[in-house]
Amino acid sequence: MRLTNLTDYALRLLMYLGQHEDRLCTIAEIAQYHQISEAHLMKVTHLLAKGGWIQTQRGKNGGMRLSRPPEDMNLGQLVRYTENDLAVVECLGSGSHCVISGRCGLSGILNQALARFLSHLDGYTLKDILPPVPGHEHAVHWPTASRPAHTGTP
């Protein structure tokens, strides 16, 4: 399974905004920072604003910012919002033409795998994936149930 560029860019945009919560950010600066197309980022911005993930302000001093704190932005919800087709194989999507659809065990197994993938993402927020801001310490905050086991090594 592979997430689309839309989701990738949405995550990058939100992470950038999460690192710069003190000000409005522009599409041009985010596109330049991530070395991605402004046109693609404009589509992502529109989608995220429409969904309430970000707030935008038009005009000379305009830009965008997060609509709520990073700890209130769930990664599973974001992926569900940005991905329009999470069908791992044809038979899980609409309009399947598979001749053995409904008669094999693969679809059930893959549906469970997808549910676990999304459930895992549900345990994390934007705050959990924010890169450290240069000059500021940033500790990784693992959800209790997902915290990796300590191995005794640094």
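I'll start with the aromatics: there are two aromatic pairs in this structure. One of them is formed by W53 and Y81, and the geometry is tilted, with 6.3 Å centre to centre and 45 degrees between the planes. Keep in mind throughout that this is a predicted model. The cut-offs matter here: an angle under 30 degrees would count as stacked and one over 60 as edge-to-face, so 45 degrees ends up in the tilted class.

Where do the two rings sit in the chain? W53 is in the loop between α3 and β1, while Y81 belongs to helix α4, so the pair ties together parts that are 28 residues apart in sequence. Is each ring buried or exposed? W53 counts as buried, because its relative accessibility is 5%. Y81 counts as partly exposed, because its value is 31%. W53 has a further neighbour on its ring: R68 lies over the face of W53, 4.8 Å from the ring centre.

Now the overall layout. The chain has six helices and two strands. Starting at the N terminus, the order of elements is α-α-α-β-β-α-α-α. The chain has 154 residues, and 32% of them count as buried. On contacts, taking those with a separation of 6 or more, 60% are between residues 24 or more positions apart.

Next, helix α1, residues 5-19. The helix has 15 residues and spans 21 Å from first C-alpha to last, close to the 21 Å expected at 1.5 Å a residue. How much of α1 is covered? Mostly covered is the answer, with 11 of its 15 residues buried. Among the buried ones are T7, Y9, L13, L14, L17 and Q19. What do the buried residues of α1 pack against? The partners are α2 (27-34), α3 (38-50), β1 (54-57), β2 (63-66), α4 (75-82) and α6 (126-129).

Which element gives the largest share?

Leaving aside residues up to four places away in sequence, L17 touches C25, I30, I54, M64, R65 and L66.

R65 is in that list, and it lies in strand β2. R65 is partly exposed, because its relative accessible area is 32%. R65 and T26 are 39 residues apart in sequence, and their C-alpha atoms are 9.1 Å apart in space.

On to the strands. β1 and β2 run antiparallel and are joined by four bridges. T56 has M64 in β2 as its bridge partner. Q57 stands opposite G63, also in β2. The two strands form a hairpin with five residues between them, and G59 in the turn has a positive phi of about 110 degrees.

For the backbone in general, most residues other than glycine have a negative phi. Which residue goes against that? Q35 has a positive phi of about 55 degrees although it is not a glycine. Q35 is placed in the loop between α2 and α3. Q35 counts as exposed, because its relative accessibility is 74%.

Is T125 buried or exposed? With a relative accessible area of 17%, T125 is buried, because the cut-off is under 20%. Its contacts, again without residues up to four places away in sequence, are P70, E71, M73, N74 and L75.

Definitions and conventions. Residues numbered from 1 in each chain as written. Predicted model: local features only at pLDDT ≥ 70, side-chain atom pairs only at ≥ 80, totals over all residues. Heavy atoms only, no water. Expected span 1.5 Å × (residues − 1). Buried < 20%, exposed > 50% of the residue type's maximum accessible area, 1.4 Å probe, protein only. Contact = heavy atoms within 4.5 Å. Pairing = 2+ DSSP bridges. Phe/Tyr/Trp six-rings, centres within 6.5 Å; stacked < 30°, edge-to-face > 60°. Lys NZ or Arg CZ within 6 Å of the ring centre and 35° of its normal.
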